[in-house]
Amino acid sequence: MILPVSKFNSNINFTSDKANKLPYDKDTLLKNNFSTRARIGLDKLTNAITIYPSKGFKGDKNANFYEFLTMGNVPYLIGSLMMMSVFNSKNKVFAPFAASKAGALGRKMALGVLFYGLMKGISKSFVTNPVKWLTGVDTEVPYAKVIYELPDDIYDTDIMSIEYHKAFESKDFPRWDLFYKSEAKGENRNEYFDKIAKRLGYGENLKDSDQEMKPVIKQIAVKTDLAKTISSYLWAATGVCLAFQKPWDDYFKSATLKFWKTDKFAHSLKVLVRSAKDSAKSLWNGSGSSKYAGKIMVGAAAASTVLGIINAIPHKKPAGTKNVIDDKRKYVVS
């Protein structure tokens, strides 16, 4: 017997309770600050370990490319930990002298992996922050994207999820719509573009500031990403070089994570600071045949950052509405 649809009205519900608990009900531009970045990073890492692999193994129809890319962070972390441990896990089977030599190298290898990851991540802000300060364009600004998933069955109400992207993630199709203000609320629709135009010297009260500034902003985003990519790898290489400096041996001798032993832990931190300073000096000053290697490495990284910033900033200001044709002179249109 075919029952009327109304019979199931109490069960079918596509506006889930969970959806109502989500922090966003539409695509929303977020503030680019430490707390937001930390929350996004933790959310993506947690999902990459738990939810996304489960959906992939089950062949979930809602699994997508964003989740696949997010899961790429997991093997990266696992690989880094394995690389740290591979040079240290078997030291106990060596003879005492060989174990001490292997341990010294292994600890520096582990520190090199750590510094590589830290410098590669931190150094991106060496480019993006100055560009933001000088132009007003934050190429790293994140936004929350609301995804409406396909229900697994007619009783499934968990049909919404959140993805975190960057507004300028796509250079061909940036999320311009997120930068417009609401005219219904009495706001200036082009407020964001007006601010950019004023900052870059394009003038104030432009008739169509959004149309004039979009190509300029896209150009800034493209050049900033290029500079960020090149410089981040050079700074990462500099971090590896720093990790292999001899002064770190002093820290390894007194290093401890037993914070409950306050005296030893405090001493360990003092040695850490001193070793970091001495290692930086050692890298810069060099020795023997590698006397200038450190200077070249640091100089290349710094130069790539500075030149990248300079290249990303627009230097040509528009001619405005000035007529380029002199009406007082004769001319022929062919």
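1. Buried residues (under 20% relative accessible area with a 1.4 Å probe, protein chains only) account for 32% of the 334 residues in the protein chain. This is a predicted model, where local features need pLDDT of at least 70, side-chain atom pairs count only at pLDDT 80 or more, and totals for chains, interfaces and linings use all residues. Residues are numbered from 1 along each chain as its sequence is written, and side-chain values use heavy atoms, with hydrogens and water left out.

2. The protein chain has 12 helices and three strands. These are DSSP runs, numbered from the N terminus: helices are H or I with at least four residues, strands E with at least two.

3. Start with the strands. Strand β2 (residues 142–148) is mostly covered, with five of its seven residues buried. β2 runs antiparallel to strand β1 (residues 28–29), joined by two bridges. Pairing requires at least two DSSP bridges between two strands. T28 has A144 in β2 as its bridge partner.

4. β2 also pairs with strand β3 (residues 160–166), again antiparallel, over seven bridges. Here K145 is bridged to E163 in β3.

5. Now the helices. The axes of α2 (residues 34–49) and α3 (residues 51–58) come within 3 Å and cross at roughly 35 degrees. Axes are lines fitted to C-alpha atoms over the stretch in contact, and angles run from 0 to 180 degrees between N-to-C directions.

6. Which residues of α2 and α3 meet? T46, N47, A48 and I49 in α2 meet I51, Y52 and P53 in α3, where contact means heavy atoms within 4.5 Å.

7. Among contacts in the protein chain between residues at least 6 apart in sequence, 66% link residues at least 24 apart.

Note on methods:
Buried < 20%, exposed > 50% of the residue type's maximum accessible area, 1.4 Å probe, protein only.
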